Structures are given as structure tokens and as C-alpha cells.
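This report covers helix packing and a few selected residues. The model is shown first.

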Amino acid sequence: MERITSFSVNHDTLEPGVYISRIDGDITTYDLRFIKPNTPPYLDIDAMHTIEHLFATYARNDSLKDNVIYFGPMGCRTGFYLLMRNTSNEDALEYIKTVIMDCINHKGEIPGSKKIECGNYLAHNAEKAHNSLVEFYDRIKTLQVNDLFY
């Protein structure tokens with residue numbers, strides 16, 4: 001079998017940040033690495049779930065909402081994938097920073113966290129999610145476009 005691109009990246013050299021992992025025509029996949037790979041502790045499962053709900057909601061309610069294809073967790077619990085269409089890397093990076101700040105500033109109920117809305121509605125942790133988001137934002141707030149490449 002062919003080796004997929006993401007398995008060809010040396011994970012020993014990755015640090016928390018935002019990276020471009022794939023470009024498929026007009027769709028770019030951004031890796032939002034919250035945790036250095038293979039360096040526990042990993043993201044808390046309940047915090048990841050909460051971040052997924054917050055980021056997906058804010059990203060799909062902001063200026064580039066029509067360009068968002070997908071946002072979801074990495075199985076290794078080190079971060080998330082964001083797929084965007086027809087968006088410059090400059091715009092995507094600023095969008096990511098804006099949405100992360102929206103998530104940090106969120107008050108109240110987690111969007112989509114009721115039993116009728118979510119497949120695992122009890123698995124949320126707003127405090128841990130907030131702490132992970134703040135730590136991640138501190139790592140990416142000064143990133144520039146040339147920092148996005150592996």
C-alpha cells in the first residue's frame with residue numbers, strides 16, 4: 001500500500017502550532033497541534049470533545065464559514081484537523097486565531113451538548129477545554145504564514 005502523507009512527517013520534530021498537512025485542489029488541511037507528538041499528557045478526551053463543539057460552532061458562524069469543510073480531532077489526541085476550501089493561508093491562519101479566541105471567550109452552555117444533540121453528551125469539560133485553548137493560543141498568536149510548513 002501507498003504510505004499516506006501524514007505518516008511521512010517526522011513527528012519527533014513537530015511542536016505545538018499550526019501546519020499545512022495537505023493541499024488537494026482548492027482544499028487545504030491544517031493540523032492544529034496542541035500537544036507535541038508522543039509527549040504525554042495528551043489532550044483530555046472530554047476537553048477535546050468540548051473544543052470540537054466550540055470550534056466547529058464558531059468556525060461555522062464566522063466570516064469564512066462557507067469555506068469550512070471539516071473540523072475534528074486527531075485520534076492521537078494531540079490536536080485537530082481543519083479543512084478549508086478557497087482560502088489563502090494568510091486568511092486561514094488569522095481565521096484560526098480568531099476562532100480560537102472566540103472559543104476561549106465562550107460563556108455559558110457548550111453548543112450541541114444536550115442529549116438530543118450529541119452522541120456522548122456527558123463527555124464534556126469546559127474548564128479543561130478552556131485551559132487547553134489558552135495554552136494553544138499562546139503558542140500560535142505570533143505565528144506567521146511561513147511557519148505553517150513542516
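## Packing of H2 and H3

Helices H2 and H3 are roughly antiparallel to each other, because their axes cross at roughly 150° and angles over 145° count as roughly antiparallel. The model is a predicted one. H2 covers residues 89-104 and H3 covers residues 126-140, and the two axes come within 9 Å. The crossing of H2 and H3 is left-handed.

On the H2 side, the contact is made by Ile96, Lys97, Ile100, Met101, Cys103 and Ile104. On the H3 side, the residues are His130, Leu133, Val134, Phe136, Tyr137 and Ile140. By class, the contact of H2 with H3 divides into 10 nonpolar residues, 1 polar and 1 charged.

## Lys97 in helix H2

Lys97 is found in helix H2 and takes part in the contact with H3. Is Lys97 buried or exposed? Lys97 has a relative accessible area of 7% and is therefore buried, since the cut-off for that class is under 20%.

Not counting residues up to four places away in sequence, Lys97 touches Tyr137, Ile140, Lys141, Thr142 and Leu143. Among them, Tyr137 and Ile140 are listed on the H3 side of the contact between H2 and H3.

## Packing of H1 and H3

Helix H3 also packs against helix H1, which spans residues 45-59. The axes of H1 and H3 come within 8 Å and cross at roughly 75°. The two helices are therefore roughly perpendicular to each other, as angles from 65 to 115 degrees count as such.

H1 contributes Ala47, Thr50, Ile51 and Leu54 to this contact, and H3 contributes Ala126, Lys128, Ala129, Ser132 and Leu133. The residues of the contact of H1 with H3 divide into 6 nonpolar, 2 polar and 1 charged. Leu133 is named in the contact of H3 with H1 and also in the contact of H3 with H2.

## His53 in helix H1

His53 lies in helix H1. With a relative accessibility of 13%, His53 counts as buried. The side chains of His53 and His49 are joined by a polar contact of 3.0 Å.

Which residues does His53 contact, leaving aside neighbours within four places in sequence? They are Ile110, Pro111, Gly112, Ser113, Cys118 and His124. Pro37 is 16 residues from His53 along the chain, and the C-alpha atoms of the two are separated by 23 Å.

## Asp31 in strand E2

Asp31 is placed in strand E2, residues 27-33. Its relative accessibility is 1%, so Asp31 counts as buried. The side chain of Asp31 makes a polar contact of 2.9 Å with the side chain of Ser21.

Asp31 and Leu82 are 51 residues apart along the chain, and their C-alpha atoms are separated by 6.5 Å.

## Thr78 between strands E3 and E4

Where is Thr78 placed? Thr78 is in the loop between strand E3 (68-73) and strand E4 (79-85). A relative accessible area of 1% makes Thr78 buried.

The side chain of Thr78 makes a polar contact with the side chain of Arg33, at 2.8 Å. Leaving aside neighbours within four places in sequence, Thr78 is in contact with Leu32, Arg33, Phe34, Ile35, Pro37, Tyr42 and Leu43.

Conventions. Residues are numbered from 1 along each chain as its sequence is written. This is a predicted model: local features need pLDDT of at least 70, side-chain atom pairs count only at pLDDT 80 or more; totals for chains, interfaces and linings use all residues. Side-chain values use heavy atoms; hydrogens and water are left out. Axes are lines fitted to C-alpha atoms, for helices over the stretch in contact, and angles run from 0 to 180 degrees between N-to-C directions. Helices (H or I, at least four residues) and strands (E, at least two) are DSSP runs, numbered from the N terminus. Angles under 35 degrees count as roughly parallel, over 145 as roughly antiparallel, 65 to 115 as roughly perpendicular and the rest as oblique. A crossing is left-handed if the near helix is turned anticlockwise from the far one by less than a right angle, and right-handed if clockwise. Contact means heavy atoms within 4.5 Å. Ala, Val, Leu, Ile, Met, Phe, Trp, Tyr, Cys and Pro count as nonpolar, Asp, Glu, Lys and Arg as charged, and the others, Gly among them, as polar. Buried means under 20% relative accessible area, exposed over 50%, partly exposed in between (1.4 Å probe, protein chains only). A polar contact is a pair of N or O atoms within 3.5 Å; within protein, one must be able to donate a hydrogen and the other to accept it, and residues adjacent in sequence count only if both atoms are side-chain atoms.
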